[in-house]
Amino acid sequence: MYAQLVKTDEKRLKSLGEMDPQERAFQGRIDRGEKIEPKEWMPEGYRKTLIRQISQHAHSEIVGQLPEGNWITRAPTLERKAILLAKVQDEAGHGLYLYCAAETLGISRDEMFEQLHSGRAKYSSIFNYPTLSWADIGAIGWLVDGAAIMNQVPLQRCSFGPYSRAMIRICKEESFHQRQGFDIMMKLCKGTEAQQKMAQDALERWWWPSLMMFGPADGDSVHSAQSMAWKIKQDTNDELRQKFVDQTVPQADFLDLKVPDPDLKWNQERGSYDFGEPDWDEFFQVISGNGPCNEERLGARVKAWDDGAWVREGLMAHARKHARRTTLAAAE
Amino acid sequence: MSSEWPLWEVFIRGQHGLNHRHVGSLHAPDAEMAIRNARDVYTRRKEGVSIWVVRSSEITASSPSEKGPLFDPADSKIYRHPSFFDIPDEAGHM
């Protein structure tokens, strides 16, 4: 999941009886499956939760370009390079769709950037791991984008119109990402022994961080219950994680790769795989800024923003000057 | 002075013969750059044959609270739909 820890500000879930008439009418619309649009009345908590979730999601898309960007100049063929470039460009596009959706809720783009750059806003823990070999690009497409799709498909039905529409666009494009990753893995797995080893090594390093993408078990989290009541979230973190494991393990078998989990076992009774627990201490460390690449990622992002300031200001100055000239010419 | 670029709404004609449809928004310093950015953000897969951009601040929208007075009067005028009228089959296609 690209927004792994979203707080709602709610202490507990209100029953319909405890809501004031406006809140009750709002909940009624959600329950009937109506989409909520930006200018319509909404509870403050709904607005804040969505801003948090959508901006976290957008930040993840933007920061997510960095680990892959590392391999654009190192891709093994010109075709692979062009494909990776297109994929990374999609991630930028996804970030932009999502920032737009968040802005309809009354937060400005600059405010969101400021939250990201100052380290106050979160983004997905997955992008704080290094991309050490070309196989990592395969593993990211296959596993990370695979996990992202798992999370994003239900979000297309989110109650907030602009978020739901952004997710529909994103899901249409995301499938290319996963397939290009799997294609890289297939090529490596059919290759030399060294290439197969490289693929296995990438799976070993990316498997657990990918499972962490869905966030910790919700248990009886108030935030989760509230987000589900508001239809901002549709499935629990554990449900999505299970679905991901069930889908991905047969793909690893197909590639003849070994998933690095000694507890992984097919459970005939449940019709699902049993699997081990991710290292949640590691997750909380990484999400709160202490992962292997947090500093590097945020540093690269801040540098790009600062280095681009003169371009943004220059273009704006040009636009103002041009507008003034047009007004003067019209007055003559 | 804030250097945040203004917001533009983007409308795309998907195919010849269709209306332009709102697809989203983006930031750009001026209209020309808004069109260029819209091409990169919204038509990477040939989703359009034409782009319109308009400054978001130039759009006037109806207010959600007026929804009733604006649209409800049509409820009682179902005769505007052809299915309101019973025409015998013998009269032929109409």
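Guide: Let's start with A:E173, which is buried, with a relative accessible area of 4%. Bear in mind that this is a predicted model, where local features need pLDDT of at least 70, side-chain atom pairs count only at pLDDT 80 or more, and totals for chains, interfaces and linings use all residues. Residues are numbered from 1 along each chain as its sequence is written, chains are lettered from A and ligands numbered from 1 in the order in which they are written, and side-chain values use heavy atoms, with hydrogens and water left out.

Visitor: Why is A:E173 called buried?
Guide: Buried means under 20% relative accessible area, exposed means over 50%, and partly exposed is in between (1.4 Å probe, protein chains only). A:E173 has 4%, so buried is the word.

Visitor: What makes A:E173 and B:R45 a salt bridge?
Guide: The term needs a side-chain nitrogen of Lys or Arg within 4 Å of a carboxyl oxygen of Asp or Glu. Here the closest N and O atoms are 3.3 Å apart, and the pair qualifies. A:E173 sits in helix α7 of chain A, while B:R45 is in the loop between α1 (31-42) and β3 (50-55) of chain B, so this pair joins two chains. Helices (H or I, at least four residues) and strands (E, at least two) are DSSP runs, numbered from the N terminus.

Visitor: Why is B:R45 called partly exposed?
Guide: Because its relative accessibility is 35%, B:R45 falls in the middle class.

Visitor: What makes A:R165 and A:E37 a salt bridge?
Guide: Their closest N and O atoms are 2.9 Å apart, which meets the cut-off. This pair links distant parts of the chain: A:R165 is in helix α7 of chain A and A:E37 in the loop between α1 (21-31) and α2 of chain A, 128 residues apart. Both ends are partly exposed, A:R165 at 44% and A:E37 at 24%.

Visitor: And which other salt bridges can you show me within chain A?
Guide: One of them pairs A:R270 with A:D274, the closest N and O atoms being 2.7 Å apart. A:R270 has a relative accessible area of 44%, so it is partly exposed; A:D274, at 25%, is partly exposed too. There's also a network of salt bridges linking A:R29, A:R32, A:E34 and A:E40.

Visitor: How do you know that the span of α2 in chain A agrees with a helix?
Guide: The expected span is 1.5 Å times one less than the number of residues. For the 20 residues of α2 (residues 44-63) that gives 28 Å, and the end C-alpha atoms are 28 Å apart, so the two agree.

Visitor: Why is α2(A) called largely enclosed?
Guide: Because 17 of its 20 residues are buried.

Visitor: How many residues of chain A are in contact with chain B?
Guide: Contact means heavy atoms within 4.5 Å, and 23 residues of chain A are in contact with 22 residues of chain B. A:R169, A:L315 and A:M316 supply 23% of the area that chain A buries against chain B, more than any other three residues.

Terms used
Buried area is the accessible area (1.4 Å probe) that two parts lose on being put together, summed over both.
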